[in-house]
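Subject: Structure for you to look at

Hello,

Here is the structure I said I would send. Please open it first, then read my notes below.

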Amino acid sequence: MEDKDKTQNPIQVSERIFNTIECLAKDGPMGLLELSKALNLNKSTVHRILNSLICMDYARQDAESLKYSLTFKFCGISSQILAQNNMIDLARPHLKELSNQTAETVHFVQLDGRHAVYIDKVESFRSSVRLVSRIGKSVPLYCSGVGKALLADMSDDKIKDIWEKSHIKRLTEHTITDFEEFRKTITQIRQNGYALDNEENELGVRCIAVSIKDFRGKPAYAISVSAPRDRMSDERILEIRKLILTAKENILKDMGIA
């Protein structure tokens, strides 16, 4: 184990501090010897790091077990970061790029109970046909691409609960109103990694959508590419699939959870 703290450069010292924080965050309360072995550092070095964290209220030592753990001060910092992080601002560059790549309308929605609410929209000016949609509009989860994408990231029990509490009605001849058929659709979405709206919410409009989880790992947002049926053949959907999945991956990277 290393023991030459006095000759370390600032970056090395910082690295050891953050490694200690990450170790405690991952494994929970640990004793000094256990932590020094995990970090491959001398006990005296780890003890100094822990004392510094304790002095700044980032760590504590249990009086009985003598084990060290992180404090909720980190939760406060996390909340401040999340409060400053506007998901619309974070996602918008990727929505614009996706719209430019597909020459179609891209929507960004947020989960709201049994509905999805449009919180942003990017239209392509290369398309002569525009879709009628507006920010603030909500759509039921059971009959929309974004909604089904969000549902597919939930547990089966949660899906059943939302279905039973929703006012299921046939909006078009393609709307799924049988729960067993709907369950099969959810299984397919989970296998494919994306959901489709095959004119289930509005005749003549198809879309492909993917769900985006929040910082807690819960389904919270979704993005979709929508277009008139004539421009959304099965072959075109397969092309857009790669682009929308890449957009999802890039948004998650910017969120720091990819």
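Of the contacts in the chain with a separation of 6 or more, 56% are between residues 24 or more positions apart. Please keep in mind that this is a predicted model.

The whole chain

The chain has nine helices and eight strands. Its radius of gyration is 24 Å, whereas the globule rule gives 18 Å for 258 residues, so the chain is more spread out than a compact globule. Along the principal axes, the C-alpha atoms fill a box of roughly 70 × 40 × 30 Å. Of the 258 residues, 42% are buried. The accessible surface is about 14,700 Å², and carbon and sulfur atoms account for 50% of that surface.

Helix H1

H1 covers residues 10–27, and its 18 residues should span 26 Å at 1.5 Å a residue; the end C-alpha atoms are 26 Å apart, which agrees.

Which residues of H1 are buried? They are Arg 16, Thr 20, Ile 21, Cys 23 and Leu 24. These residues lie on the same side of H1, because they cover an arc of only 160 degrees around the axis. As background, an α-helix has 3.6 residues a turn, so residues three or four places apart point the same way.

The other side of H1 has exposed residues: Pro 10, Ile 11, Phe 18, Glu 22, Ala 25 and Lys 26. After H1 comes Gly 28, which has a positive phi, near 85 degrees.

Regards

Definitions and conventions: Residues are numbered from 1 along each chain as its sequence is written. This is a predicted model: local features need pLDDT of at least 70, side-chain atom pairs count only at pLDDT 80 or more; totals for chains, interfaces and linings use all residues. Side-chain values use heavy atoms; hydrogens and water are left out. Helices (H or I, at least four residues) and strands (E, at least two) are DSSP runs, numbered from the N terminus. The expected span of a helix is 1.5 Å times one less than its number of residues. Buried means under 20% relative accessible area, exposed over 50%, partly exposed in between (1.4 Å probe, protein chains only). The arc is that of the directions from the helix axis to the C-beta atoms. The radius of gyration is taken over C-alpha atoms; the globule rule is 2.2 Å times the number of residues to the power 0.38. Contact means heavy atoms within 4.5 Å. Accessible areas come from the Shrake-Rupley method with a 1.4 Å probe; for residues, only the protein chains shown count as cover.
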